[in-house]
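Visitor: I have a chain open here and would like to go through it with you. Could we take it piece by piece?

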Amino acid sequence: MQTYQFKKVADSDGKVTISGLPPSAKLTILVLDSEPSEWRDKMMEFMNDLREEGHPFSEMSKDEILRHLRESREEVWKAEYDR
């Protein structure tokens, strides 16, 4: 499978034109239509949910979280690749 990525903005009537694909290429189109403020609000809601549920990261500092993630990464690497 070959993946092509196009970043286009629809014109005033909603049309988008792309070129450079092989003949008879099958396409899957994903349209992301949201304002940046919506993403910020969704992320804040997600973070609030984590705090309410008592997720361990919600009580940690940035440095503590990074240390934990690095340790987890090392454990995964050893389990998967350190042979």
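Visitor: Is methionine 60 buried, exposed or partly exposed?

Guide: Keeping in mind that this is a predicted model, methionine 60 counts as partly exposed, because its relative accessibility is 29% and the partly exposed class lies between under 20% for buried and over 50% for exposed.

Visitor: And where is methionine 60 found?

Guide: Methionine 60 sits in the loop that runs between H1 and helix H2, the latter covering residues 62-81. From C-alpha to C-alpha, methionine 60 is 12 Å from leucine 50, and the two are 10 residues apart in sequence.

Visitor: How many helices and strands are there in the chain?

Guide: The chain has 2 helices and 0 strands.

Visitor: What about the overall dimensions, then: what radius of gyration does the chain have, against a compact globule of 83 residues?

Guide: The radius of gyration of the chain is 21 Å, whereas a compact globule of 83 residues would be near 12 Å. Along the principal axes, the C-alpha atoms fill a box of roughly 50 × 40 × 20 Å.

Visitor: Which share of the residues counts as buried?

Guide: Of the 83 residues, 1% count as buried. The chain exposes about 8,600 Å², and carbon and sulfur atoms supply 52% of that area.

Visitor: Changing topic to the surface, which residues form the nonpolar patch?

Guide: The nonpolar patch is made up of Tyr4, Phe6, Val16, Ile18, Leu27, Ile29 and Val31, which together have about 670 Å² of accessible area. One of them, isoleucine 18, is placed in the segment before H1, and isoleucine 18 counts as partly exposed because its relative accessibility is 32%.

Visitor: Now the charges: which residues form the negative surface patch?

Guide: Glu45, Asp49, Glu52 and Glu53 form the negative surface patch. Glutamate 53 belongs to helix H1, which spans residues 36-53, and glutamate 53 counts as exposed because its relative accessible area is 65%, where the exposed class requires over 50%.

Visitor: And over the whole chain, how far apart are the mean positions of the positive and negative charges?

Guide: The chain carries 13 positive and 18 negative charges, and their mean positions are 8 Å apart.

Notes
Residues numbered from 1 in each chain as written. Predicted model: local features only at pLDDT ≥ 70, side-chain atom pairs only at ≥ 80, totals over all residues. Heavy atoms only, no water. Patch = residues over 30% accessible without salt bridge, like charges linked within 9 Å, V, L, I, M, F, W, Y side chains within 5 Å. Areas by Shrake-Rupley, 256 points an atom, 1.4 Å probe, with all protein chains shown as cover. Salt bridge = Lys/Arg side-chain N within 4 Å of Asp/Glu carboxyl O. Lys, Arg positive; Asp, Glu negative; His and termini not counted. Charge placed at Lys NZ, Arg CZ, Asp CG, Glu CD. Helix = DSSP H or I, 4+ residues; strand = E, 2+ residues; numbered from the N terminus. Buried < 20%, exposed > 50% of the residue type's maximum accessible area, 1.4 Å probe, protein only. Rg over C-alpha atoms; globule rule 2.2 N^0.38 Å.
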